[in-house]
Amino acid sequence: MSDSSRSPLPPVRLHPEAELARDALSTPLLSRAARLAHWAGPDTQVDAGGGLVDEQLPAAAEVLGLSGDDAAAYASEAWRVAVDTGLVEIVDEEGGTVAAGADLAVLTGGSPQDVLGVWLGALETVLADASVPDLDDLVDAMDGGGEVDLSSLDWDPEAEAEFLDGVLGNLYLLTVSEDGPGDAPVPLPALAASMIVPSDMGEPTNDVLEQVSDAMMRLDDQFRLLEPVGLVEYQPVDEALMADAEAAAEDPSGAVDDTDVSRYGMVRLTPLGRYGLRARLLEAGFEAPAVGDLADKGADALLDGTATYPPAAAHAETEQWLATRPEPLAAARELLAAARGLDTGAPLRRLRCQQALSLVGAEAEPALREVLDDPELGGLARVWLSEAGFGDVPAPSQDLVFWLTVDTVAAQLAAEGNSDELRELVQGLAAQHSGFFAAAWRVDHPATADVLEAMGRLHPDKKIAKEARKAAFKARSQQGG
């Protein structure tokens, strides 16, 4: 992947490595490459580039049980993957002979991680192939000396690879986002448009629509290549659409049925594909977490790490973290200790802590009672104990109520920004306490001024919004003094 953006991606849920390794071994391309590696011997002849010579291709296709017009091409591709991944070793480059490579034993005796390493090598080979123009176009672009004239192809290898990387990155993001389609397939037109149509464009122009159509055709070819390596499941563009489009051009009165979007191609990442794209994203410098990454870390890493996670992912990560803690009460104490602090990230840590404690359950009660007098955790403890149905919860002081209110709004701001939920919370706070802003600016919390400014920005009533901004000014003046 090309652009190493620093903003973290949503965490991906990965299948266990043993399961993914089994998936990798059963992919058509890697299993074919392995069969050819077992078949290869001293009599197997290769050309200067390491590819099978033409005379060997029929035998290789027969070993793979392939027949038909494409058999030789499939056999050649599988052989190239075998060479690139180390399943086959070129013994004598001048003589063109081969032997089984060291990595062939990995497929039967290696760890799941080792097997996945071989599969990732196969994936890189196929991705490189997918960025190359159609063979017929290459032949047409050859000059008299047998060299390919790239300028006549209108093909930029780097740009083509970046385009495919971008498409796969968008597919990954759609797959791992909680508001995305998840495991459901994504329409090919939507993927193509995500790379071409500007986000601020209203109605796409005819020129842009034509670019999207061209991109769809390129992606159709590329996803057909990527399916045998197990990266995606792909339903190709319906070839009848082309005939329909041509017929409509000749006879505009003939209707083209475009209501079924699946006819335009549908693609979804496989579990193996999610693993593979995440590995490539990490290699390119992206922050691409996986659910379970924090299970063996401390509570501070859990609360900080899940701060930016969507709710379901934070829930799943916390469940895995708690599963590694045999003593719930000790886990609750660890979470509360990590939730302390007056830094900018502290309010959101406390919110994540409160959510995590709800998963611990009633066994966390003693830990919560221990911090009732803590200035930073006392409000959280009272809320948790009351919501959990425990009695004998001391009433909070007015100061603690206001401090907790500022802390809660600061956490929501950090978690969601200016969301509709936060807007409702702000309106509710202003309505419940007639003198809220007169008292709130005095709250001794580092986020007081920021929270009051946000309330002024979010409240729809201009008079109340002005009160909030005035209170924010007072709070900032007090902090400055």
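This is a predicted model: local features need pLDDT of at least 70, side-chain atom pairs count only at pLDDT 80 or more; totals for chains, interfaces and linings use all residues.
What does Val106 touch, once its neighbours within four places in sequence are left aside? The answer is Asp114, Val115 and Val118.

Now step back for the overall picture. The protein chain has 24 helices and five strands. It has 481 residues, of which 43% count as buried. If you take the contacts with a separation of 6 or more, residues 24 or more positions apart account for 65% of them.

Among the strands, β1 spans residues 88-92 and holds Glu89. Is Glu89 buried or partly exposed? Its relative accessibility is 44%, so Glu89 counts as partly exposed. Not counting residues up to four places away in sequence, Glu89 touches Thr97, Val98, Ala99, Ala100 and Gly101. Ala40 is 49 residues from Glu89 in sequence, yet the two C-alpha atoms are 9.7 Å apart.

Next come the helix pairs. Two packed helices are described by the angle between their axes and the distance between the axes. Start with α6 (residues 112-130) and α11 (residues 206-226). Their axes are 9 Å apart and the helices pack at an angle of about 160°. That angle is over 145 degrees, so α6 and α11 are roughly antiparallel to each other. The crossing of α6 past α11 is right-handed. On the α6 side, the contact is made by Val126, Leu127, Asp129 and Ala130, and on the α11 side by Gln222, Leu225 and Leu226. Sorted by class, this contact has five nonpolar residues, one polar and one charged.

Helix α11 has another story to tell, this time about aromatic rings. Phe223 lies in α11 and Tyr234 in strand β4 (residues 232-235), so their pairing ties together parts that are eleven residues apart in sequence. How are the two rings arranged? Their centres are 5.5 Å apart and their planes meet at 45°, so the pair is tilted. Phe223 is buried, with a relative accessible area of 1%, and Tyr234 is buried too, at 6%. In total there are five aromatic pairs. Elsewhere, Phe402, Phe436 and Phe437 form one aromatic cluster.

Helix α13 (residues 271-283) is worth a stop, as it takes part in two of the helix contacts described here. One partner is α1, made of residues 17-25. The axes of α1 and α13 come within 9 Å and cross at roughly 105°. Because that angle lies in the range of 65 to 115 degrees, α1 is roughly perpendicular to α13. Glu17, Leu20, Asp23 and Ala24 of α1 meet Pro271, Leu272 and Tyr275 of α13. By class, the contact has five nonpolar residues, no polar ones and two charged.

The other partner is α9, which runs over residues 157-176. Here the axes come within 11 Å and cross at roughly 120°. That makes α9 oblique to α13, and the crossing is left-handed. The α9 residues in this contact are Asp165, Leu168, Tyr172 and Thr175, while α13 brings Arg274, Leu277, Arg278, Arg280 and Leu281. The residues of this contact divide into four nonpolar, one polar and four charged.

Finish the walk at helix α19, residues 378-387. How many of its ten residues are buried? Seven are, so α19 is mostly covered. They are Gly378, Gly379, Leu380, Ala381, Arg382, Trp384 and Leu385. What do these buried residues pack against? Their partners are the helices α16 (328-339), α17 (346-360), α18 (365-370) and α20 (398-416). Just after α19, you will find Gly389 with a positive phi of about 90°.

Key: Residues are numbered from 1 along each chain as its sequence is written. Side-chain values use heavy atoms; hydrogens and water are left out. Axes are lines fitted to C-alpha atoms, for helices over the stretch in contact, and angles run from 0 to 180 degrees between N-to-C directions. Helices (H or I, at least four residues) and strands (E, at least two) are DSSP runs, numbered from the N terminus. Angles under 35 degrees count as roughly parallel, over 145 as roughly antiparallel, 65 to 115 as roughly perpendicular and the rest as oblique. A crossing is left-handed if the near helix is turned anticlockwise from the far one by less than a right angle, and right-handed if clockwise. Contact means heavy atoms within 4.5 Å. Ala, Val, Leu, Ile, Met, Phe, Trp, Tyr, Cys and Pro count as nonpolar, Asp, Glu, Lys and Arg as charged, and the others, Gly among them, as polar. Rings of Phe, Tyr and Trp (its six-membered ring) pair if their centres lie within 6.5 Å; planes under 30 degrees apart count as stacked, over 60 as edge-to-face and the rest as tilted. Buried means under 20% relative accessible area, exposed over 50%, partly exposed in between (1.4 Å probe, protein chains only).
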